[in-house]
Amino acid sequence: MLPKRGDAKSPAIIALALACYLAFWSLLIWGPIGALIAAVLTGHSVAIALAVCAGCVIAAVLVRVVGHGILWGHRVAYAVVCLLMFAATAFHVWRALASTSSTAIFAASRAAVFFCLALFVVVLTVRKGAASA
Amino acid sequence: MLKRWLVAIALSFVATLFAYLTYGFTARNVIIYVSLVVAQYAALFAVVCAAHWGLRVYGLRSKFRETVNIYGIVVIPIAPLLTLVSLPGLQRTSLPETLSELYSRFSTLDDTALSMVVAVLHPLVVAMALFVFGAFVVRISGHYGFDARRTVRAIGFGVAVLTPIAALTFW
């Protein structure tokens with residue numbers, strides 16, 4: 001039985017939210033540190049490193065908002081995750097069609113996984129009688 | 001608890017021995033493979049420590065022994081699959097080589113059968129691992145009576161912040 005939307009006891013919803021919070025802390029802490037280290041090692045300008053840091057922080061805030069929305073059962077958050085999954089599917093399908101041999105298999109396998117995840121989130125989003133938080 | 005872990009480690013040695021044989025396991029390089037198995041258990045405890053620390057930081061009174069038990073119960077069923085798929089990457093011995101391997105895995109591949117299998121299984125394993133970790137969070141919040149949302153934030157914080165430090169220290 002699929003979990004109800006907004007049901008914070010569901011492992012599926014917890015997994016989605018956990019991915020968001022892992023991405024949030026990684027982007028907030030390790031993203032800027034990695035960008036600065038890469039800038040020092042590769043000799044890129046400080047401006048580019050700072051721009052990457054700012055991008056990481058903005059992305060972290062967005063991911064945090066989505067994670068919070070998932071935990072509290074907001075439909076918009078699920079829709080955002082859905083769109084991201086479909087976008088990733090489309091990207092990998094395009095990559096599979098544009099490449100040959102093992103890279104095509106590589107991209108197609110990821111496209112299949114992202115498509116299944118997208119369908120799963122669609123079910124969570126439109127589930128009839130879903131609980132509102 | 002110690003007896004259970006000893007049995008689990010012994011079983012993992014036996015189970016992974018056959019996989020190691022296909023990677024050129026001999027009596028001469030046995031230490032390398034023993035150290036890899038030890039590294040896997042060190043990684044397991046590092047993740048548990050990170051989750052435990054995150055819960056403590058968020059004011060949730062986690063008991064380390066019980067958290068380790070719950071994590072073991074949830075993770076052990078998927079661990080053999082994760083190990084088998086991770087074996088090619090585990091053969092790398094240094095951080096730059098491992099990062100290089102990860103980068104090449106995400107960009108280009110050779111045409112060997114092993115690379116194909118790894119490429120197809122890897123996203124499935126990542127998705128499964130995420131859902132298994134979700135089950136771990138649910139069990140933790142249910143066992144201790146913590147709020148599930150707060151538990152997610154705490155474990156997300158602990159694992160994301162502490163695990164990379166542990167990994168870098170180990171390497």
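Residues are numbered from 1 along each chain as its sequence is written, while chains are lettered from A, and ligands numbered from 1, in the order in which they are written. Because the model is predicted, local features need pLDDT of at least 70 and side-chain atom pairs count only at pLDDT 80 or more, whereas totals for chains, interfaces and linings use all residues.

Let's start with the helices. Chain A has 4 helices and 0 strands, so its elements run α-α-α-α from the N terminus on (helices, H or I, of at least four residues and strands, E, of at least two are DSSP runs, numbered from the N terminus). Chain B has 7 helices and 0 strands, and its pattern along the sequence is α-α-α-α-α-α-α.

How much of each chain is buried? In chain A, 33% of the 133 residues count as buried, and in chain B the buried residues make up 21% of 171. A residue is buried here if 20 or more other C-beta atoms lie within 10 Å of its own, exposed if 12 or fewer, and partly exposed in between, with C-beta atoms placed from the backbone.

Contacts tell us about links along the sequence. Two residues are in contact if their C-beta atoms, placed from the backbone, lie within 7 Å. Among contacts in chain A between residues at least 6 apart in sequence, 67% join residues at least 24 apart. For chain B, residues 24 or more positions apart account for 74% of the contacts with a separation of 6 or more.

Helix α1(A), residues 11–42, packs against helix α2(A), residues 46–71, at an angle of about 170°, with the axes 8 Å apart (axes are lines fitted to C-alpha atoms, for helices over the stretch in contact, and angles run from 0 to 180 degrees between N-to-C directions). That makes α1(A) roughly antiparallel to α2(A), a label for angles over 145 degrees; under 35 counts as roughly parallel, 65 to 115 as roughly perpendicular and the rest as oblique. The residues of this contact divide into 26 nonpolar, 2 polar and 1 charged. Here Ala, Val, Leu, Ile, Met, Phe, Trp, Tyr, Cys and Pro count as nonpolar, Asp, Glu, Lys and Arg as charged, and the others, Gly among them, as polar.

Just after α1(A), G43(A) takes a positive phi of about 80°.

The largest nonpolar core has 55 residues, and those touching the most other members are I14(A), A17(A), L18(A), C20(A), I70(A), V137(B) and V152(B). Such a core is a set of buried Ala, Val, Leu, Ile, Met, Phe, Trp, Tyr and Cys residues joined through C-beta atoms within 7 Å. The largest share of this core, 15 residues, comes from α1(A).

I70(A) sits in helix α2 of chain A and is buried, because 29 other C-beta atoms lie within 10 Å. Not counting residues up to four places away in sequence, I70(A) touches I13(A), L16(A), A17(A), C20(A), A77(A) and Y78(A). V152(B), leaving aside its neighbours within four places in sequence, is in contact with I14(A), A17(A), L18(A), Y21(A), L71(A) and V137(B).

For contrast, turn to A51(A), also in helix α2 of chain A. A51(A) is exposed, with 12 other C-beta atoms within 10 Å.
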